[in-house]
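Q: I would like to go through some side-chain contacts here. Could you take my questions one at a time?
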Amino acid sequence: VTLIRLANVKVFNDGIELAYYLKENDDCQLAVIAVDGAKGMNYCTYVRGQNSKIPILWISDTEEYEEKAAKIPVNDFWVKPMPEMLLEKMAAELLK
């Protein structure tokens, strides 16, 4: 689970920790949830519950959660594996 703030990246052990951070702070520009399956879906839901405007990128290991991601809603859903260079480029696009 990664939170990108301006030029800083803050990494959390799990989505619950990220959600608590968002409850107390509003300086986040993008949340990247790189967690598979139902656990990743729950983390995205926690984050969306704390901040309805933050862009969320969910990276999971299977396409079966893409429809559920749209209902949360997340801004983008990717299936692993993702080349690191592509991740950096897409994160930059989401931050524009």
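Q: Which backbone nitrogen does the side chain of N75 reach?
A: The side chain of N75 reaches the backbone nitrogen of I56, at 2.8 Å. A polar contact is a pair of N or O atoms within 3.5 Å; within protein, one must be able to donate a hydrogen and the other to accept it, and residues adjacent in sequence count only if both atoms are side-chain atoms. This is a predicted model, in which local features need pLDDT of at least 70 and side-chain atom pairs count only at pLDDT 80 or more, while totals for chains, interfaces and linings use all residues. Residues are numbered from 1 along each chain as its sequence is written, and side-chain values use heavy atoms, with hydrogens and water left out.

Q: Which side chain is joined to that of N75 by a polar contact?
A: That of R48, at 3.4 Å.

Q: What else is N75 in contact with, leaving aside neighbours within four places in sequence?
A: With contact meaning heavy atoms within 4.5 Å, the partners of N75 are R48, I54, P55 and I56.

Q: Is N75 partly exposed or buried?
A: N75 counts as partly exposed because its relative accessibility is 45% (buried is under 20% relative accessible area, exposed over 50%, partly exposed in between, with a 1.4 Å probe and protein chains only).

Q: And N51, buried or exposed?
A: N51 is buried, as its relative accessible area is 17%.

Q: Which backbone nitrogen lies 2.9 Å from a polar atom of the N51 side chain?
A: The backbone nitrogen of I54.
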